[in-house]
Amino acid sequence: MFADAPVSGGAMGAEAGTLAILFGGSEAAFTAIEQPFRLMGSELVHCGPVGKGTAFKLARNMLHFISYTATDEALRLAEAASLSLQDLGRVVRHTDAITGGAGAVMHRDNARNLTEDDPWWDIFQLPLGLAGKDLGHALEMAERLGVDVPMARYAQANIGAALGYPTGYRAPDAKPDRVG
């Protein structure tokens with residue numbers, strides 16, 4: 001039997017035995033390795049045939065490293081506003097542990113556009129409205145402080161589509177307020 005089984009969770013996950021193991025291979029191969037792999041990982045995902053484990057890992061890490069790039073913009077904005085970068089990191093880790101971070105919007109079983117009768121349509125109205133308001137405020141602050149934030153501008157223009165709304169859709173209350 002042949003399989004691919006990349007892992008996610010870093011050295012901390014390996015040491016704690018809590019890695020995510022992303023298995024690509026036959027059902028028989030998955031069954032054969034499941035118990036030994038549970039010694040290393042607490043999240044085993046049978047992703048499909050050989051190669052799908054690697055594809056899964058690449059998608060996961062794409063999100064991870066894009067978030068590092070977006071983090072750079074937030075850090076530069078916070079620094080320009082004379083905020084503590086350590087405190088910002090602590091608050092991000094704290095609130096992501098509560099809200100789920102980017103994973104909080106990853107519950108759908110497809111990436112197609114939402115329709116108004118889809119239950120996610122109403123659920124995503126709040127984050128879409130908050131994104132419109134808060135990204136607007138952040139972009140105003142960045143402009144005032146002279147910080148270039150191209151990913152934030154991209155996010156503001158594309159957050160609706162990222163949540164699954166049709167291109168150009170804006171939540172009814174997504175108009176940003178003025179920052180004083």
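Among contacts in the protein (heavy atoms within 4.5 Å) between residues at least 6 apart in sequence, 57% join residues at least 24 apart. This is a predicted model: local features need pLDDT of at least 70, side-chain atom pairs count only at pLDDT 80 or more, and totals for chains, interfaces and linings use all residues. Residues are numbered from 1 along each chain as its sequence is written, and side-chain values use heavy atoms, without hydrogens and water.

**Fold and overall shape**
- The protein has seven helices and three strands, as DSSP runs numbered from the N terminus (helices: H or I, at least four residues; strands: E, at least two).
- Starting at the N terminus, the order of elements is β-α-β-α-β-α-α-α-α-α.
- The radius of gyration, taken over C-alpha atoms, is 20 Å, well over the 16 Å that the globule rule gives for 180 residues, so the protein is more spread out than a compact globule. That rule is 2.2 Å times the number of residues to the power 0.38.
- A box of roughly 60 × 40 × 25 Å, along the principal axes, holds the C-alpha atoms.

**Surface and burial**
- Of the 180 residues, 26% count as buried, meaning under 20% relative accessible area with a 1.4 Å probe, protein chains only.

**Ile123**
- Ile123 sits in helix 5, residues 119-123.
- Val105 is 18 residues away along the chain, and its C-alpha atom is 9.7 Å from that of Ile123.

Note on methods:
Buried < 20%, exposed > 50% of the residue type's maximum accessible area, 1.4 Å probe, protein only.
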